[in-house]
Amino acid sequence: STVAVVLVHGNLPFVLQHAALPTVLLGTLFFLSRVGGIVGAQAGPSLLRAMPPEWACAGAEGVNAAATALLYWAVVASRPLPLCVAILIKGVTIGLIPNLRVAWLKALPTPDIGRRVMIVTRVIVQSSYGLVGVLLLLGLAQKWVMELVLLDLVNSLLAIPIFLSLKDLGVASIEPPPDEGTAFRFLFEKSNRHLLSAEVCLAVAMGGTNIFLVRAGEGLFKAVGGYGLALVAYAAAYLFAGAVVQSADNRGRRIRARIEPAAPWLLVLCLALMTFPSAGIAVTVTVFAALFVAYPTFLLTLESLWFEVSSKSNISRTFASRLLLLSIVSALGEVAYPTLSLRAELVMRTVAALGAALLFVRFSSLRKSLLPSKTALP
């Protein structure tokens, strides 16, 4: 059902168009979706204490189906308030299900499989935006937008029995940490401080990604596909980055070992180069694609580190608290960056990305110094 959710979310400009509502509402809808995601993530730990994860996920899909039905009616009736409410509720489920999933995966008997599946599911979500881009380039998104909303509804209804069937994995309700406050403070422990600071800077650098893709499409690629091309380039690059970060074979690990340390610096370079669009459309598209190889590689690397350092009991609260901090930054980006010129926006993003790269290098060096030496005696 994740792909169907993305097809609706990525087509919000045309949802508004079909509802005959002003496009100025677009930033508000993206903002409400972010806020809903924060609320959903915070609700995850409580739900996991109350019921097994398969029941919680099935319930979230039921809520998404109801919100999607409300969205369909709001578009047909051209009602802005119910449409905003529907997007807010759908945002809650978008934030809730990944939080439930990450705790579920951490509880599996093989931690590395859980880490890889976490990355794969994130990549599925983000690379699905490529389907939105293809539909836009073919001129079909505008025609099929209401059918895509119905597809979202139907897929959530189909997902309910699928989630319930996963009870055979044998993961019961997740045990809470002894103290929720301790789980929250885990983010700010001395050993994690640079990691958290790098994530916050990265959120500033790439916050408001939804509106950034719209603006980049209109400002950089207007003559060669616009928003559709921006989405396709973003999704293809994200898919490649995810394949690299989750790789487990020897060849994949060697590639990952080279790309991961370079990703923060490639991100800084690409953002800096994009401030000079006069370089030509071919160069701009290439740099844009490279940007969205570097960004998810950096982001997924940070998420993998949090997955590794968190315990089974505190991982849900850790990821919920991270999402709270990072989503606030991203949500502010959705409404703040559009007030700037595209060039000023790119300058601010470049400075923040540089801060993230420096903090990540500092965290990596500190972590390496704490690891036992390979030559140490057992």
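Select Arg 322 to begin: at 4% relative accessibility it counts as buried, buried meaning under 20% relative accessible area, exposed over 50% and partly exposed in between, with a 1.4 Å probe and protein chains only. This is a predicted model, in which local features need pLDDT of at least 70, side-chain atom pairs count only at pLDDT 80 or more, and totals for chains, interfaces and linings use all residues. Residues are numbered from 1 along each chain as its sequence is written, and side-chain values use heavy atoms, with hydrogens and water left out.

**Stop 1: Arg 322 and its partners**

Arg 322 and Glu 303 form a salt bridge, with 3.7 Å between the closest N and O atoms; the term requires a side-chain nitrogen of Lys or Arg within 4 Å of a carboxyl oxygen of Asp or Glu. Arg 322 belongs to helix α15 and Glu 303 to helix α14 (residues 281-309), so the pair ties together parts 19 residues apart in sequence. Helices here are DSSP runs of H or I of at least four residues, strands are runs of E of at least two, and both are numbered from the N terminus. Glu 303 is buried, at 8% relative accessibility.

Next, select Glu 199 in helix α10 (residues 193-206). Glu 199 is buried, at 2% relative accessibility. Its side chain makes a polar contact of 2.8 Å with the side chain of Trp 306. A polar contact is a pair of N or O atoms within 3.5 Å; within protein, one must be able to donate a hydrogen and the other to accept it, and residues adjacent in sequence count only if both atoms are side-chain atoms. Leaving out residues up to four places away in sequence, Glu 199 touches Leu 302, Trp 306, Arg 322 and Leu 326, where contact means heavy atoms within 4.5 Å.

**Stop 2**

Move to Glu 345 and Arg 349. Both residues sit in helix α16, four residues apart, about one turn of the helix. Glu 345 is buried, with a relative accessible area of 0%, and Arg 349 is buried at 0% as well. Back at the first stop, salt bridges that share partners join Glu 199, Glu 303 and Arg 322 into one network. The closest N and O atoms of the Glu 345 and Arg 349 salt bridge are 2.9 Å apart.

**Stop 3: Lys 90 and Asp 152**

How many salt bridges does a search of the whole structure find? The search finds four. One to select is the salt bridge between the side chains of Lys 90 and Asp 152, at 2.4 Å from N to O. Lys 90 lies in helix α5 and Asp 152 in helix α8 (residues 141-165), so this pair ties together parts 62 residues apart in sequence. Lys 90 is buried, with a relative accessible area of 5%, and Asp 152 is buried at 0% relative accessibility.

**Stop 4: the loop at Ser 78**

Select Ser 78, in the loop between α4 (53-77) and α5 (80-106). Its phi is near 55 degrees, a positive value in a residue other than glycine. Most residues other than glycine have a negative phi. Ser 78 is partly exposed, with a relative accessible area of 31%.

In helix α4, select Glu 54, which is buried at 7% relative accessibility. Glu 54 and Arg 101 are 47 residues apart in sequence, and their C-alpha atoms are 9.3 Å apart.

**Stop 5: Ile 328**

Ile 328 is in helix α15 (residues 315-336) and is partly exposed, at 41% relative accessibility. Not counting residues up to four places away in sequence, Ile 328 touches Ile 38 and Leu 323. Ala 203 is 125 residues from Ile 328 in sequence and 9.2 Å from it in space, C-alpha to C-alpha.

**Stop 6: the cysteines**

A search of the whole structure finds zero disulfides, a disulfide being a pair of cysteine sulfur atoms within 2.5 Å. Select Cys 84, which is buried with a relative accessible area of 14%, then Cys 201, which is partly exposed at 22%.

**Last view: the whole chain**

Clear the selection. The chain has 16 helices and zero strands. Buried residues make up 51% of its 378 residues. Among contacts in the chain with a separation of 6 or more, 84% are between residues 24 or more positions apart.
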